[in-house]
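Trainee: I would like to learn how to read aromatic rings in a model. Please take me through an example.

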Amino acid sequence: MAVTSTQLSTSAVATAAGLSESWAWKARDQGILHSPHFEDAVVALRVYAFVSQIVWPGNRRPRSARQDLELWQSSAVDAAREAVSDPNTTSETALWVLEDSVHLVTSPGERAAFDLDHLNGRVAFRIPIGLWVAELPEAIDNLSRRRRKSSSKTAT
């Protein structure tokens with residue numbers, strides 16, 4: 001999948017990810033987003049917003065307590081970032097998140113093998129990372145259109 005080197009603001013990353021800016025600021029504070037931001041930050045932010053809300057069965061997490069990222073959460077975000085520029089990423093690519101590991105799975109055969117080798121009744125989350133990567137060009141294009149519309153409003 002083609003990736004450009006378009007530099008984005010923190011606000012633009014949040015907008016392209018379809019999230020509020022507060023997620024971007026939280027991600028920055030957790031060390032997930034680093035300036036300058038590029039397209040991989042959009043997917044990383046989406047994954048961060050997803051995995052930071054997961055509470056595994058049997059674990060308790062008070063809502064008011066500050067939540068530092070666990071290793072598996074950081075690994076999920078890193079895998080998502082890598083998937084953006086990986087030539088093997090397709091719209092079928094999924095990021096499987098387990099309590100102790102993350103796995104990028106691209107083909108139906110890999111998915112079947114992953115299921116047999118790793119799931120065995122375990123709780124797991126499947127994140128459609130390939131679809132999110134495929135949506136990047138349109139999301140970035142929409143940002144450009146918004147900038148053009150707001151520039152033309154101020155010019156009149």
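Trainee: Is F50 buried or exposed, or in between?

Mentor: Buried means under 20% relative accessible area, exposed over 50%, and partly exposed in between (1.4 Å probe, protein chains only). F50 has 30% relative accessibility, so F50 counts as partly exposed. F125, at 28%, is also partly exposed. This is a predicted model: local features need pLDDT of at least 70, side-chain atom pairs count only at pLDDT 80 or more, and totals for chains, interfaces and linings use all residues. Residues are numbered from 1 along each chain as its sequence is written, and side-chain values use heavy atoms, with hydrogens and water left out.

Trainee: How many aromatic pairs does the structure hold?

Mentor: A pair of aromatic rings is described by the distance of the centres and the angle of the planes. Rings of Phe, Tyr and Trp (its six-membered ring) pair if their centres lie within 6.5 Å; planes under 30 degrees apart count as stacked, over 60 as edge-to-face and the rest as tilted. The structure holds 5 such pairs. In one of them, the ring centres of F50 and F125 are 5.9 Å apart and the planes stand at 80°, so this pair is edge-to-face.

Trainee: Which parts does the pair of F50 and F125 tie together?

Mentor: Helices (H or I, at least four residues) and strands (E, at least two) are DSSP runs, numbered from the N terminus. F50 belongs to helix α3 (residues 39-51) and F125 to strand β3 (residues 125-127), so the pair joins parts 75 residues apart in sequence.

Trainee: What about W56 and W72?

Mentor: Their ring centres are 5.3 Å apart with planes at 70°, so this pair is edge-to-face. Both W56 and W72 are buried. Ring pairs link F50, W56, W72 and F125 into a cluster.
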